[in-house]
Amino acid sequence: MEFCLFLGCNTPAVRPDVERAIRATMEELGVDLIDTDNYVCCPAFGSFPSTDEESWLATSGWNLSLAEEKQRDILVQCGSCYSSLRMGREHLMHDKKMQKRINELLEPTGRSVQGGSKIRHVTEVLYREITPAKIAEKVTHSLEGLHGIVQYPCHTLFPSEVVGFEDSPREPKGMRELVEALGATVDSYSLERQCCGGAGGFMKSTPEQAIQFAKNKFDAILEETKADFIAVSCITCLMHMENVQNTINKQIGEEKYKIPVFDYNQLLALCMGKDPKEVSAITNMPRDAIHDHIAKVAA
Amino acid sequence: MDLQTEAVKDLWKDVDRLGDLLHCFNCSTCLSGCPASYGDPPLLVRNLARKVLYGLEEELFEEDTPWACVSCSKCEEMCPMDVKPFELILHIRQWQSTNDETRVPPSITEIYRRGYTQAVATNDELRAELGLKPLPTINKNEEQLKLFQEMLMKTPVVAANDYMFG
Ligand code: SF4
Ligand code: SF4
């Protein structure tokens, strides 16, 4: 299995340890990742998709054409990249006139978009292609004894008619089974399917309500679960769920919300014995308890 | 409001390009899972659909709420009439920023300038510490970046606001 790795903007710029975790784990699971040379922003929904169809699809087309040239599907972790590239591709495939226009625009590059490369999310590949059973075999450093909760990336669930790699978007199981494969107990809670709220302009345009929205979720986690960690698989979920806990703590003047948040591939990497200093190094929410626990169980 | 007459005339065509809105029966299902409906003022997709259908251009033009959308597509999942509310949000934003340059998001100038919204590939030292090689990004490839910029220059938003992309 070989994919063009599409890293987007936030992961390589702000959280390259997540990139390290993805590369280290996927290769060991038999998934070869090649760089998407000269890729650009997906584009983020708040950018060209909010100005006009042509600049949006030209930018999507730029990225898609790079993967088509290499005859590979695209692998992404970021939910927004996943959605934007997927929608861009769909628009181009449904609107032949627009596809022709974008291919005219791409002509000087010698590349084009024909729809040959699909967009795949890393959890889909882990869940459907590698499978949790195979992942469990690779675990040398188990999460045994730890409780976790999972945050499903909205962009991989909706709209299920076109995204759908879960049997039911109402009852997604992928992330849960992937985390269980690492030896942890995954707790359920009432607001499990509530969006993290971190993408787009919600936090910026109406911060007070957006923070309250997130606080409701964290209160439910604290009251209803024994979560030692949160597993996500979207760079926005990761950054927002860390940052917003710190923001709330500052507001209330106590360290009440301090559940470490991990990208799934980071947990997987730790469970495969990779060095936390490489695959789990950058955070503003202390993770030492989890790192220490894994080291202790392994010893 | 300083709307060009042409844009006003084209409201319906511009915002409801897919013709899906006619099927909206205002059931509010699109609000039930919408994070931004929690905001103040709330993002109410149903109301936006109505404003478009009734041609309430001035009100729609002033609406800030479409910009609070987090792009989760939950509304699209829920809508029983296949109205594609998230596409509606994007179409309203497109219509607003086409007719009001103050709505043009600054992030597009960043993407034009360096390919990304963030400072990608300026952290090679940190990457090396983590065991990562430098990324083959477009901001290190003058020829490809130039091609990318020339391509964007031919698209409507960049052509119409070229002074922003100097
Ligand atoms: S769910 Fe669909 S049909 Fe119902 S109000 Fe929203 S857009 Fe209209
Ligand atoms: S895509 Fe936007 S409008 Fe639709 S439910 Fe999500 S935040 Fe609300």
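**Ser60 of chain A and the build of chain B**

Tutor: In this predicted model, S60(A) lies in helix α3 of chain A, which covers residues 53–69.

Student: Why is S60(A) called buried?

Tutor: Buried means under 20% relative accessible area. S60(A) has 0% relative accessibility, so S60(A) counts as buried.

Student: Which residues is S60(A) in contact with, leaving aside neighbours within four places in sequence?

Tutor: They are C42(A), P43(A), S84(A) and G88(A). Contact means heavy atoms within 4.5 Å, so each of these has a heavy atom within 4.5 Å of one in S60(A).

Student: Turning to chain B, how do you know what its secondary structure consists of?

Tutor: The count for chain B comes to 11 helices and 0 strands. Read along the sequence, the pattern is α-α-α-α-α-α-α-α-α-α-α.

Student: How do you know how chain B stands against a compact globule of 166 residues?

Tutor: Such a globule would have a radius of gyration near 15 Å, whereas chain B has 20 Å. The globule rule is 2.2 Å times the number of residues to the power 0.38, so the value for chain B is above what the rule gives. The C-alpha trace spans about 55 × 40 × 25 Å along its principal axes.

Student: Into which domains is chain B divided, and what separates their centres?

Tutor: Domain 1 of chain B takes in 11–99 and domain 2 takes in 108–165. Their centres, taken over C-alpha atoms, are separated by 31 Å.

Student: What share of chain B is buried?

Tutor: Of its 166 residues, 50% are buried.

Key: Residues are numbered from 1 along each chain as its sequence is written. Chains are lettered from A and ligands numbered from 1 in the order in which they are written. This is a predicted model: local features need pLDDT of at least 70, side-chain atom pairs count only at pLDDT 80 or more; totals for chains, interfaces and linings use all residues. Side-chain values use heavy atoms; hydrogens and water are left out. Helices (H or I, at least four residues) and strands (E, at least two) are DSSP runs, numbered from the N terminus. Buried means under 20% relative accessible area, exposed over 50%, partly exposed in between (1.4 Å probe, protein chains only). Domain bounds come from an automatic or database domain assignment.
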